[in-house]
Each structure stands twice: as C-alpha cells, then as structure tokens.
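Work through the exercises below with the model open beside you. Try each task before you read its solution.

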Amino acid sequence: MAGLLARWRPRAAAATVWYLRLLALLNLVAVLAVPFRDQVQEHNEGEYFTPYLLTAGLTTVLLSLFLAVAMRRRKRAAWIFNAVVSGLFSVLYLLLMLVPDSRFADHPINWFSTVLTVGFFLALLLGRREFTSKGDRSNPKTGVATFIGGLLFGGIVGATLVQFTNTVHGGAEFGTRFGYAVARMVTITPSGRLADEIAVPTWVNAFINAMGAVLFLLVLYLAFRSPRGQELLTVEDEVRLRELLERQGERDSLGYFALRRDKAVIFSPSGKAAVAYRVLGGVSLASGDPIGDPEAWPGAIDAWLEEAREHAWVPAVMGASEEAGVIYARHGLDALELGDEAIVEVDEFSLDGRAMRVVRQAYNRVKRAGYTVRIRRHEDIPDPEMAELLDRADHWRDGQTERGFSMALGRLGDPDDGRCVMLECHDGDGELRALLSFVPWGRNGLSLDLMRRDRDSENGLMEFMVIELLQRADEVALERVSLNFAMFRSVFERGSKLGAGPILRLWRSVLGFFSRWWQIESLYRANAKYRPIWEPRYLLFEKSSEIPRIGIASARAEGFITVPSLPVLFRRRHVRAAAQALPGGGSAAERDG
C-alpha cells in the first residue's frame, strides 16, 4: 500500500498543476469570447455553479496561473491555499447536491462541477507530501493586508468614478457603487441585476478591471514569493572560508570572491567544502567553484541544492570552471559556456616579438610620459593613504552602483584583506592617476578585483600597470595573474575567421551591436593583448526555461539592473544571530559599508 501511494503522489501533484493550467486557459477564453463568458456567468448564479476557480474573470486567470506556477515549484503555501478553498467548495457543493429534494441536483452541470472540485481536492490530499517548499513567514499577513487594503482602496476609487460617470437617472447608493467596483475588480462583468442602477463608460470599467488585475498580481506575488534569503556571511563563516582558502585556494582564481559579505555560505557535512551563493528574485545564485577539497564538493552541492528545493529557489551557478561543471552536472545541472577567463603566467609573458609590438609601443609611450607604478600589499598601506585611495576610487567610479559579483570583492581597504595587492599609478608630477586592486589566488597568484582611473589621464594606463606588475612579479612573489572575464570570447574569435558560418557571423554581429553599451567585445580585445591562457567558465542550471530568470538575477547581482524594492514596512530581513556580534559592534552589512 505504501509503495502504491508513493507512486501516485507525484502523479496527483502533477494533476493539480494541470487542472490549474486548464482553468487559467478556460478563464482566458471566457475573458476574450463573449458567448462563452455569458455561459459561465449564467452557470455561476441562481441554481447553477461551476468548478473550482472557473469564474470568467481576468483576476481568476492570474490567480490560476500563479497557483499553477507555485504548485509546480511545490510551494507549501500554494497547497494550503488550494486545499482550504477547494475543500470549502467541495463541502458546500456536496451539501447542495445531497440535500433531499435539492433543486441543484436537477442540473447535470452541477454534478460535473462537484466531481471536478472534489476530485481536485482529493488529488491535493493525496499529493500533500510532495509540497515541501517553504515560504516566508510574513507572506500570509502581508498578502491578506494588501488584499484587504487594495479592495478598499479600489472600491472607493471605483465608487467615486461611478458616481461622476453614471448615466442612470437617480444614480445608486454608495454601498451599491462600492459593491459594483469591488465585483468588477474580481470579475469582468458583475451581476446583471445592477444594470438598472449603474451604467458607466467603457473606460471606467476597464480602469476598475485594471486595478483589480494589478491588485491580484501584487497579492499573489506577496503571498507565494520564496523567502528573500538575505542571510549575510557571518564572522564564523568567513573564518572557516579563509581556512579552506588557505588549504585549497590554489584551485580556483575566483575563490577569494566567496568572501563577499553579501553572500551566504553552506558547508558540506564534513566541513571540508562550501558553496557561497546569493538569493535574488527567487534564484539561488552561486559563483565560481565550491571552496575546499574537491572530494567534499558533492556534499556541499547536495546541501546547497536541498536548501534551494526547500525554499523553492531556482539553483544556478555562474562562472564555474570545467572541473566544477562536471561535478555539478552529476547533480542534475546542465551547462552553458559563458566565456573565458584570461590567465597570464608570469614566466611565459614577454614584450618581445612582432605579436607584442603594439603593446610594447603603448607601454613605452606611457613610460616616457613619466608615469610610474607603486606595488604594495594592502596591509603595508598606512590608514591615511588607504583613505585617500578609497576616496579616489569612489570619485572615479563609473556611476553610483558598485558592479561585480562573481569576480569582485565589493569592498576595498578592509583590514581582513591585507594580502590583497594595490597598484598605484602616478604621473610625472606625482599625481595619482589610476589604481588596480588584486585579491589573492592561493599563495602565488592574484585575481583582478578593481580598476579605477582618472578619465583625463593618458590612454593605455591600465595596460601599463598590468605589464609593470608582470615585470616586477618578484616584489609580491607572483607566478600567475587572472585578468578580466571575456564573455562569449569564442564567438568573437571564431566569428572573425575565414570560413565562419552565417549563424556564427550573425551572432558575432549581434554581440558587437550590444558592445556599444556593455563591454563585451572590448574586454576580449583588452585581454587578448597579453596573449593569455583562456580558461572557459560555465553557467549551470536545472531547466532551460529558467535561463531568462537566471539571467535577470545575474544582471542584478552584477549591478547592471537595479530593481526598486518594496517599502521598508514590507521587508523582512533574516540575519543569523552570529552576524550581530561583529568586531566593533556593527552588522556584517555595516562592516561592508
């Protein structure tokens, strides 16, 4: 018996999703097709009733669609909502049909509606254990408050519009006008009984319907959204990550960026590996490879995926290496090549040769102009000088938003980052004109973190500084450097070659067009000057249909998209208790600046 139930639970859960999808389609047809709408509304009054959620209303289209999406993601809140409401309808329909001499039992449509509604309710009960994804605890209160407040506001606005536009002589009382507005917010056309009292222009009805649609979208989003996932990196987490990086930091050039304090981290059961991630828009976005021992990576990945499923988050990894991509693929994720990371080996770099002639000439030109570069560890920079560097970095920043996520630390001058390396470029008069900051990559490597320069300075300043670092690598015991990430590098490289196919050339042209606003092709060209080793990086995901959502979350994480948030009153911040006890008495967010 237990085995039979185990086989039928997923099927029952899937059946409820398809029922909601079908109802969304039928309601949409009823909205667009007047004859069908009239039939549905006729069977929703008097001695007739229709199946659960079939009302011929635009808001019901949205409700059914949202519930179908939430049920597909196995959200517990959506199951509770459907179980309670469909359960009440099932009991009501059964009472109406089974009461002796009931006039409702004389209509076959009522029996059909009862069977469908009760069947949906029973399918919910059978598939109950499939719906395990948790929502935010504040969702029900916020959703109910928004729904009640929205109906009151919409009803008052609608009643006011009806008062000034009603063409029926004598008009209607406020209660009638208010009820008309509320009913129209829920359905396309309220009861025909109000036609003798209210007749308004089409634009008024359309405006009230639009208010209802917006209200339902907002309520549904608030009621069924996944937890916001704003836990911050705690002091204890950071200490454990630094210990893993000390032992295994050579493996991934992006490993140090796991120490961003706007990320959360989850460890393997053994504590020997960890996945750092951030939740944005319901996407649990990890970056780079897992930190620590590769043999313990599966345990950390399992824990991360389990947490994502528990909260109905979409799991995704941005910028994973091929080695990590293979491990993630074994856990059910698919891969898409994003681009390549430029890595320069110090002992293989040289300015000699015809291929480096342009770079060599640019380097010599800047050097003849009197520019010099100073290389220091952050821990060797006095506090007053670091404060001045921070001020210049903020002044030279392009825009107000600090960009970067997978290849950016998000802070500068923190005492805990003393092993980072700063390059300061001064002109012939000793004026600071540019700076670069690198984070550690193991014991003998560096990864580029931050680039800032005075826009009035000499062209080629960044290339000059990178070459200076490579030529003076012994000052910081440097063996290799990870430079910028070149997205879609292979497209630009192969698309420019003789014999490239039409699709590849078209794709290259599209990317070239968007490079006018985003540094896509220019980053590839800038990195290619150093003749680096190209290391591919991948995007990992579960379903192809979720790529647009992952793309938006990635753009938000990198700072390319800024989404306005709800007022502070509706925010719920989950901060681990350990984050409250940071050095100096500040939170992790405060410490991050």
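The model is predicted: local features need pLDDT of at least 70, side-chain atom pairs count only at pLDDT 80 or more, and totals for chains, interfaces and linings use all residues. Residues are numbered from 1 along each chain as its sequence is written, and side-chain values use heavy atoms, with hydrogens and water left out.

**Exercise 1. The chain as a whole**

Find how many helices and strands the chain has, and what share of its residues is buried.

Solution. 
- Step one: count the elements. The chain has 19 helices and 12 strands. Helices (H or I, at least four residues) and strands (E, at least two) are DSSP runs, numbered from the N terminus.
- Step two: check burial. Of the 593 residues, 48% count as buried. Buried means under 20% relative accessible area, exposed over 50%, and partly exposed in between (1.4 Å probe, protein chains only).

**Exercise 2. Strand E9 and its partners**

Work out which strands pair with E9, and in which sense.

Solution. 
- Step one: locate E9. This strand spans residues 432-441, and nine of its 10 residues are buried.
- Step two: take strand E8 (residues 421-426). E8 and E9 pair in the antiparallel sense over six bridges. Two strands pair if DSSP finds at least two bridges between them.
- Step three: take strand E10 (residues 445-453). E10 pairs with E9 over eight bridges, also antiparallel.
- Step four: follow alanine 434 in E9. Cysteine 425 stands opposite alanine 434. In E10, the bridge partner of alanine 434 is arginine 453.
- Step five: look at the turns. Five residues lie between E8 and E9 in their hairpin, where glycine 430 takes a positive phi near 80°. The hairpin of E9 and E10 has three residues between the strands, and glycine 442 in the turn has a positive phi of about 70°.

**Exercise 3. A pair of rings**

Explain why phenylalanine 89 and tyrosine 93 count as an edge-to-face pair.

Solution. 
- Step one: recall the rule. Rings of Phe, Tyr and Trp (its six-membered ring) pair if their centres lie within 6.5 Å; planes under 30 degrees apart count as stacked, over 60 as edge-to-face and the rest as tilted.
- Step two: apply the rule. The centres of phenylalanine 89 and tyrosine 93 are 5.7 Å apart and the planes stand at 70°, so the pair is edge-to-face.
- Step three: place the residues. Both lie in helix H4 (residues 76-98), four residues apart, about one turn of the helix.
- Step four: compare their cover. Phenylalanine 89 is partly exposed at 34% relative accessible area. Tyrosine 93 is buried at 5%.
- Step five: widen the view. Ring pairs link Tyr19, Phe49, Tyr52, Phe89, Tyr93 and Phe120 into a cluster.
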